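Please examine the structure shown below alongside the explanation that follows.

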Amino acid sequence: MSKTRLSVDGLTAISGRDGGRPILRGVSLGIDVGEVHGLVGESGAGKSTIAKAILGIVPSQVKITAGRIDFEGLDLLSLSSTSLRAVLGRDIALIPQDPLTALNPSRRIAAQLTDGLCLKRGLSRRDAAARARALLEEVQLRDPDRVMRCYPHQLSGGMRQRVLIAAAFALEPKLVIADEPTTALDVTVQKQILRLIRALQERHGTSVLFVSHDLGVVANICDRITVLYMGKVMEQGVAAEVIASPRHAYTRALLAASPRYDRPDAGLEPIAAAVIATLRSEIAAWDAGASDRVARHG
Amino acid sequence: MADDLLVARGLVVAYGARRSRLLSPRRSQPAAVLHGVDLRIGRGETVGIVGESGSGKTTLGRALIGLVAPRAGSVVFDGTDITKLDEAAMRPLRRRMQMIFQDPMSSLNPRHTIGRILVEPVRLHGLARDHAAALALVREVLDRVGLPQAAIHRYSHELSGGQRQRVGIARAVVLRPDFVLADEIVSGLDVSTQAQVLRLLEELQRDMHLALAFISHDLSVVRSICDRVVVMQEGHVVEEGECDRVFAAPQAAYTRTLIDAIPLPVLDPHWLAREASVEVP
């Protein structure tokens with residue numbers, strides 16, 4: 001039996017800026033030990049909000065109104081910021097989308113990689129440096145000694161993303177949140193990075209929440225997939241099944257909209273009005289139910 | 001082919017020849033970005049220009065419409081070598097060569113209404129004798145690109161990403177160009193919006209018999225909408241041909257690598273492990 005590492009249960013959030021507009025509508029998902037779980041959807045689907053909620057970094061205008069995030073028995077949403085900080089970095093790590101802004105431009109790679117090792121693992125500077133070098137080798141950077149001495153701007157986008165993957169896996173976390181980690185990269189580099197994430201994840205038994213807008217990417221790296229639309233789960237299941245025989249009309253529409261070089265006559269199909277109407281009514285039905293629930297409890 | 005609209009020969013473009021004593025004490029060598037590129041685009045033809053970052057595809061596009069001056073080579077548009085023209089001689093041709101930009105948010109003036117953004121070029125190029133006539137043309141084009149008439153009074157920040165890109169397309173086609181350069185125009189859009197915008201572009205291209213240079217990093221998109229494709233790597237054209245042929249039987253190892261790297265939404269358990277046919281730096 002596989003063991004659940006992270007479970008999100010009924011996560012609901014509103015964005016206060018627009019007078020309490022719902023942005024997550026009762027999202028539930030589970031990630032097993034050693035599983036790569038894809039979170040897909042278009043902009044406004046709430047993918048990033050879920051990732052941020054797990055990391056405890058939702059923006060100030062977002063309010064989580066219901067739900068639980070359970071990480072190996074810890075209720076992440078109710079942890080104090082001090083206790084959460086102990087978990088983050090050590091047990092939960094992030095691979096961010098933009099490898100340039102995520103690195104400090106004025107510090108060398110060596111310094112940025114060793115900080116976490118010293119702080120969270122209590123290694124000496126020397127041991128941390130040795131470990132950091134080994135990590136850079138593990139992410140297949142060719143000249144790790146040179147990379148250690150570099151500033152971020154001296155590295156290519158792909159190299160910077162490898163450094164961040166090294167940083168994410170440095171403390172051997174149990175869960176890695178990968179937030180669109182290849183969106184800024186060229187396709188050939190993207191493929192290498194995907195392969196690297198999968199290899200590291202398999203080697204260390206890490207669970208990964210892989211956030212992406214690209215069904216092609218998700219189909220090729222994930223074990224299970226959750227499809228979101230406007231903060232609501234539309235479909236969830238084993239990747240192979242969701243891709244090969246999607247059950248929800250929205251998943252089918254997303255697949256039909258994706259261009260495919262192998263089938264030039266398929267793809268690029270705009271989403272049909274009937275599908276949009278179905279989606280809207282599902283969202284409206286949920287919102288009506290939610291206000292009922294609030295009314296009853298309030 | 002006899003019906004070429006745009007023919008580029010031996011294009012060489014280099015950047016950074018200026019001397020900066022502060023940043024580099026030695027005189028810096030200009031870095032060549034295009035190393036003798038040949039390209040032709042027929043009337044009404046859609047040609048995809050693909051490559052990864054740094055391949056020179058954007059520079060090539062800019063050279064094609066005279067936005068960068070090549071150090072060598074020629075760009076002949078409908079019989080005229082535009083690299084030899086001064087700004088005044090170029091102006092009448094500018095109307096016929098339009099561009100759609102990647103990011104409509106930064107290419108549309110945030111302080112102007114959509115109406116003004118569209119009316120101005122119409123007046124500037126003398127396509128309407130007065131404001132009312134220009135506005136009539138603009139109203140027509142809004143219908144054509146699927147924007148509501150009310151958009152005339154909106155600002156770009158009030159529109160969605162897909163609507164903004166429709167404005168970008170409207171601004172290009174309202175001038176009735178012969179040639180349109182589209183540089184990564186859907187790379188910031190969701191797949192469903194991307195599908196709508198590309199379907200619109202295809203329709204306009206067909207109806208207006210536009211020659212289209214479609215620059216993209218996404219080979220799946222290029223395969224879907226282009227007749228021919230040019231594959232660039234480090235400032236060289238490494239392969240060129242009909243899409244049907246190039247995607248079925250790529251000749252250059254680099255083309256094969258690019259195609260193999262595209263993740264498709266299909267079940268292929270071996271895709272991730274499959275190594276590239278040429279080494280990627």
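This is a predicted model: local features need pLDDT of at least 70, side-chain atom pairs count only at pLDDT 80 or more; totals for chains, interfaces and linings use all residues.

The contact between them involves 12 residues of domain 1 of chain B and 12 residues of domain 2 of chain B. On the side of domain 1 of chain B that touches domain 2 of chain B, the largest share, seven residues, is supplied by helix 7 (residues 191-208) of chain B. That side of domain 1 of chain B consists of eight nonpolar residues, three polar and one charged.

Chain A is likewise given a domain 1, here residues 4-91 and 175-243, and a domain 2, residues 98-172. The C-alpha centres of domain 1 of chain A and domain 2 of chain A are 24 Å apart. Domain 1 of chain A brings 13 residues to the contact, and domain 2 of chain A brings 15 residues. Helix 7 (residues 187-204) of chain A, with seven residues, gives the most to the side of domain 1 of chain A that touches domain 2 of chain A. By class, this side of domain 1 of chain A comprises nine nonpolar, three polar and one charged residues.

Helix 7 of chain A also takes part in the contact between the chains, where it gives nine residues, the most on the side of chain A that touches chain B. In total, 37 residues of chain A are in contact with 31 residues of chain B. At least two residues each of the side of chain A that touches chain B are supplied by helix 7, helix 8 (215-221), helix 9 (239-244) and helix 10 (249-257) of chain A. This side of chain A divides into 19 nonpolar, nine polar and nine charged residues. As for confidence, the model scores ipTM 0.88 and pTM 0.92. Chain B has a mean pLDDT of 92, with 93% of its residues at 70 or more.

The next element to consider is strand 9 (residues 224-229) of chain A, in which six of six residues are buried. In a regular strand, side chains alternate between the two faces of the sheet. Both faces of strand 9 of chain A are covered: Arg224(A), Thr226(A) and Leu228(A) are buried on one side, and Ile225(A), Val227(A) and Tyr229(A) are buried on the other. Strand 3 (residues 36-40) of chain A runs parallel to strand 9 of chain A and is joined to it by four bridges. Here Gly38(A) is found opposite Ile225(A) of strand 9 of chain A. Strand 10 (residues 232-238) of chain A pairs with strand 9 of chain A in the antiparallel sense, over six bridges. In this pairing, Thr226(A) stands opposite Gln236(A) of strand 10 of chain A. Two residues lie between the strands in the hairpin of strand 9 and strand 10 of chain A, where Met230(A) takes a positive phi near 45 degrees.

Chain B contains an open sheet of four strands in the order 2-1-4-5, with antiparallel pairing. Strand 2 (31-42) and strand 5 (80-81) of chain B each have a single partner strand, so one side of each of these edge strands has no neighbour in the sheet. Nine bridges link strand 1 (residues 4-15) of chain B with strand 2 of chain B in the antiparallel sense. Among the residues paired, Val13(B) has Leu34(B) in strand 2 of chain B as its bridge partner.

Helix 6 of chain B is mostly covered, with 11 of its 13 residues buried; among them are Val167(B), Ile169(B) and Arg171(B). The cover over these buried residues of helix 6 of chain B includes helix 4 (114-124), helix 5 (131-144) and helix 7 of chain B, together with strand 6 (97-100) and strand 7 (179-183).

Gln112(A) counts as partly exposed because it has 18 C-beta neighbours inside 10 Å. Not counting residues up to four places away in sequence, Gln112(A) touches Leu103(A), Asn104(A) and Arg107(A). Gln112(A) and Tyr151(A) are 39 residues apart in sequence, and their C-alpha atoms are 9.8 Å apart in space.

Key
Residues are numbered from 1 along each chain as its sequence is written. Chains are lettered from A and ligands numbered from 1 in the order in which they are written. Two residues are in contact if their C-beta atoms, placed from the backbone, lie within 7 Å. Ala, Val, Leu, Ile, Met, Phe, Trp, Tyr, Cys and Pro count as nonpolar, Asp, Glu, Lys and Arg as charged, and the others, Gly among them, as polar. Domain bounds come from an automatic or database domain assignment. A residue is buried if 20 or more other C-beta atoms lie within 10 Å of its own, exposed if 12 or fewer, and partly exposed in between; C-beta atoms are placed from the backbone. Two strands pair if DSSP finds at least two bridges between them. pLDDT is the predictor's confidence in each residue, from 0 to 100.
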